[in-house]
Structures are given as C-alpha cells and as structure tokens.
Amino acid sequence: MNWYFIETERFEEEKVKQILIDSGFDAFIPKKEMYFKKGDFTTMTQRLLFPGTVMICDPESPPQFTRKLNDWLALKKLGSELIRLESDTYYSLSNKERACLSQLLDDLKILRFSTGVIRQRELHVLKGPLQGHEKEIQKIKRHQRLATLPVQLCGQTISLIVGLEVIEKIG
C-alpha cells in the first residue's frame, strides 16, 4: 500500500477526509498529542501532524492513483474544490518513509506523547513512540514538553515537533 499526501484548504482537513472516505478512499489525518496551556489550565490535546494535508492509503502506483483521484475530482463532488489538484503526481512516501512514520503512529494514526529522563546529558525515552529515536532528536524544550525530530518524507528532511515530557534530569 502507498501513502499519498493530498493538499487541502487549511482548517478543512476533517471535512475533506470525510468526503474522501464517503467516496471510497482510505483517507486519514495523522495527528500528534501535545499539551496545551492557557493561563493556569493545562490539558492534553491533539494537533495535526501535517496541517493542510490529508493522507490516502491506496495500492495503485503514483501515476494510476493520480489518474484515479483526478478523475474523481473532475466529477466536481461537493467539497472536492477544497482539494488541490495535481497535474503531475501526488506526493507518496517510499517504503522506508512509510515504515518510519508507521512506527511513530498508533492504530488511530496518532503520534502519542512520550516520556523520558535525562541521565548524564543523554536522553532515555521510557514510554512512547520516541523510544529508539533518542539519538535522532535534535532539540528538547523541557518546559514546553516538546522535542524536534527530523524525519525523511517525500525526499526531504522535515522537522516534526512532537510531545516529550522529561520527568527527571540526573547529572
């Protein structure tokens, strides 16, 4: 199965996902868990991992998928105007990129919050999808509970801002 990026109007991702699902496409929106703080109130929320995109899982090769989606878009179904038409091909993930992203996401396509400790200036993730990716993390913002994880997607490096709480710092 290939995973394709479909660009949409910002803030219309959920609507586009539902339209695609209703039309027989296997569409999903990858999300991430993060803490949201307003004043003294802090809560766990879910944010879009890739704002302005919906992903489609499809067995077709990129040229066949492009033809299939563009033929569907040509029908001018309600809501299809929110999807950006690509004349060439839609971005798809390589097998390695898809495997990396799949490892980070759970069954609901959510990148869950991770928890870790810092010992002797070295991060050790105790729980969460960042386990095994400690050496790849470029930056940690402890007070904001965030980490920057570079990943290869569509042939370029994208810095994902993900949830990471460092519960203890030793040494």
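Author: The account below starts with the chain as a whole and then turns to the ring pairs and their surroundings.

The model is predicted, so that local features require a pLDDT of at least 70 and side-chain atom pairs a pLDDT of 80 or more, while totals for chains, interfaces and linings use all residues. Residues are numbered from 1 along each chain as its sequence is written, and side-chain values rest on heavy atoms, with hydrogens and water left out.

The protein chain contains three helices and 11 strands. Both kinds of element are DSSP runs numbered from the N terminus, a helix being H or I over at least four residues and a strand being E over at least two. Along the sequence the pattern is β-α-β-β-β-β-α-α-β-β-β-β-β-β. The C-alpha atoms fill a box of roughly 60 × 35 × 25 Å along the principal axes. Of the 171 residues, 43% are buried; this word stands for under 20% relative accessible area, with exposed meaning over 50% and partly exposed the range in between (1.4 Å probe, protein chains only). Among contacts with a separation of 6 or more, 61% join residues 24 or more positions apart, a contact being heavy atoms within 4.5 Å.

Six aromatic pairs are present. Rings of Phe, Tyr and Trp (its six-membered ring) pair if their centres lie within 6.5 Å, and planes under 30 degrees apart count as stacked, over 60 as edge-to-face and the rest as tilted. One of these pairs joins Phe5 and Phe50 edge-to-face, with 5.3 Å from centre to centre and 85° between the planes. Because Phe5 belongs to strand S1 and Phe50 to the loop between strand S4 (41-48) and S5, this pair ties together parts that are 45 residues apart in sequence. Both partners are shielded: Phe5 counts as buried at 10% relative accessibility, and Phe50 is buried with a relative accessible area of 10%.

S1 and strand S5 (residues 53-58) run antiparallel and are joined by six bridges; two strands pair if DSSP finds at least two bridges between them. Within this pairing, Phe5 stands opposite Met55 in S5.

Gly52 and Glu9 are 43 residues apart in sequence, yet their C-alpha atoms are 5.9 Å apart in space. Beyond neighbours within four places in sequence, Gly52 is in contact with Ile6, Glu7, Thr8, Arg10 and Glu13.

Phe5 is buried at 10% relative accessibility. The rings of Tyr35 and Phe113 have centres 4.9 Å apart and planes at 85°, so they too form an edge-to-face pair. Tyr35 lies in strand S3 and Phe113 in the loop between strand S6 (110-111) and strand S7 (114-119), so the pair links parts that are 78 residues apart in sequence. Tyr35 is partly exposed, with a relative accessible area of 31%, whereas Phe113 is buried, with 9%. Arg145 lies over the face of Tyr35, at 4.1 Å from the ring centre; a charge sits over a ring if NZ of Lys or CZ of Arg is within 6 Å of the ring centre and within 35 degrees of the ring normal.

Glu33 counts as buried, at 14% relative accessibility.

Ring pairs also link Tyr4, Phe65 and Tyr90 into a cluster.
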